[in-house]
Amino acid sequence: MSSDKLGSKGGGGLLGGNPLSLLQECFACGVIVVGAHKRIVACTAEAAAHLHRDAAKLLNAPLSSLPAPLIKLIQETARSGKPILNREIPLGQATALRASILPVKTGEPVEIVVVLNSLTSTPVFEQNLRRLDRLASLGTLSASMAHEIKNGMVAIKTFVDLLAQKGQDTELTGVVGRELERINAIVTQMLRFAAPNRAAFTTVRVHDVLDHSLRLMQHQVNGKLITLQRHYQAEPDTVRGDDTQLQQVFMNLLLNALEAMGTNGVLTVKTETVQDERSARQLRINIQDNGVGIAPEYLGRLFEPFFTTKKNGTGLGLAISQRIALEHHGMIHVQSDPGKGSRFSLSLPAFTGA
Ligand SMILES: Nc1ncnc2c1ncn2[C@@H]1O[C@H](COP(=O)(O)OP(=O)(O)O)[C@@H](O)[C@H]1O
Ligand SMILES: [Mg+2]
């Protein structure tokens, strides 16, 4: 452990609409193949489990052994020859399945492939995918918005330069010119921020990236009474990842912690190796502050794009960070005590290979 005063020393696819993406991203899904004569010719164990049926009994069984809403969809596809995608079917007692019915024309009559996904067993995965999807489109949206803004600004800048050349109100044109530069810088930064480059995965030493991030935010701390406590306990501290993106996550979490503490407080950065529920080794990085904390009603919204409680906040820091965490097969969790502080934990799969 080390402790120093920074201030004083200066120092979650399935959402896609096409059958291919549906199959590619199929996660724990069940598959049933309905052959000619409306009999089940193949059925995976997952499909039987989703339907609460015995797989052996479903094989060669007539269509009528499936739940009625599913039969209806299969008949619809058999009639129209068209796929039905991502249709929710109720199974009673608060369980529901999402079914996609795909006709396969290998001969006559048409065979039908049914892909089943539980809507109730993978809510977290589902939510993450949705969030990831929303963020991906957010990135695209911001990138095209930034592009349009930049285009518009070229015209304005040309006009202002022209006015300046003509010697008309040079003071005002100077002000406008400087503001334009500022907007340009913000838009450029936004482009970089909202549409990060494709991840380049290497073996990353997390402690090095953390130290580098702490050095980078040094100037945010100068003049404040912030105590930094480092407890680097993860051994080894290696993960597979993109160091630039991981640094972006650390910076976002560290800056949020500083902003939550104001002019004085204790910032604790801790790493540890833990085992997840499937006994896989995880590296956990905790960034804790004793700042204002987070009201319980906001906890569920922190990772939403544009959610901010700050006057000049963008509400993008945590959203982007969670997206990066998910792309690293990890996750950010938060715990907070209003008035006492917050702890953000990033878990990443540990990597010990060469
Ligand atoms: N360490 C923290 N302590 C208290 N609130 C936090 C902390 N980190 C994040 N938040 C809350 O989450 C919101 C979203 O954070 P973020 O996505 O980084 O956007 P921004 O910092 O621009 O507001 C913040 O506005 C704040 O309300
Ligand atoms: Mg932030």
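Author: Let us start with helix H8, where the cover over the buried residues includes strand E7 (202-205), strand E9 (238-241), H10, strand E10 (264-275) and strand E11 (281-289). Contact here requires C-beta atoms, placed from the backbone, within 7 Å, and helices (H or I, at least four residues) and strands (E, at least two) are DSSP runs, numbered from the N terminus. This is a predicted model, in which local features need pLDDT of at least 70 and side-chain atom pairs count only at pLDDT 80 or more, while totals for chains, interfaces and linings use all residues. Residues are numbered from 1 along each chain as its sequence is written, and chains are lettered from A and ligands numbered from 1 in the order in which they are written.

Reader: Which residues of helix H8 are buried, and what puts them on the same side of H8?

Author: The buried residues of H8, which spans residues 206-216, are Val206, Val209, Leu210 and Ser213. They cover an arc of only 100° around the axis, and therefore they lie on the same side of H8; the arc is that of the directions from the helix axis to the C-beta atoms. In general, an α-helix has 3.6 residues a turn, so residues three or four places apart point the same way. On the face of H8 turned away from the buried side are the exposed residues Asp208 and Arg215.

Reader: Why does serine 279 count as exposed?

Author: A residue is buried if 20 or more other C-beta atoms, placed from the backbone, lie within 10 Å of its own, exposed if 12 or fewer, and partly exposed in between. Serine 279 has 6 C-beta neighbours inside 10 Å, and therefore it counts as exposed. Serine 279 is found in the loop between E10 and E11, and has a positive phi of about 65° although it is not a glycine.

Reader: What makes isoleucine 149 count as partly exposed?

Author: Isoleucine 149 counts as partly exposed because it has 15 C-beta neighbours inside 10 Å. Isoleucine 149 is part of helix H6 (residues 123-165), and between isoleucine 149 and isoleucine 183 there are 9.2 Å in space, C-alpha to C-alpha, although they are 34 residues apart in sequence.

Technical notes: Contact = placed C-beta atoms within 7 Å.
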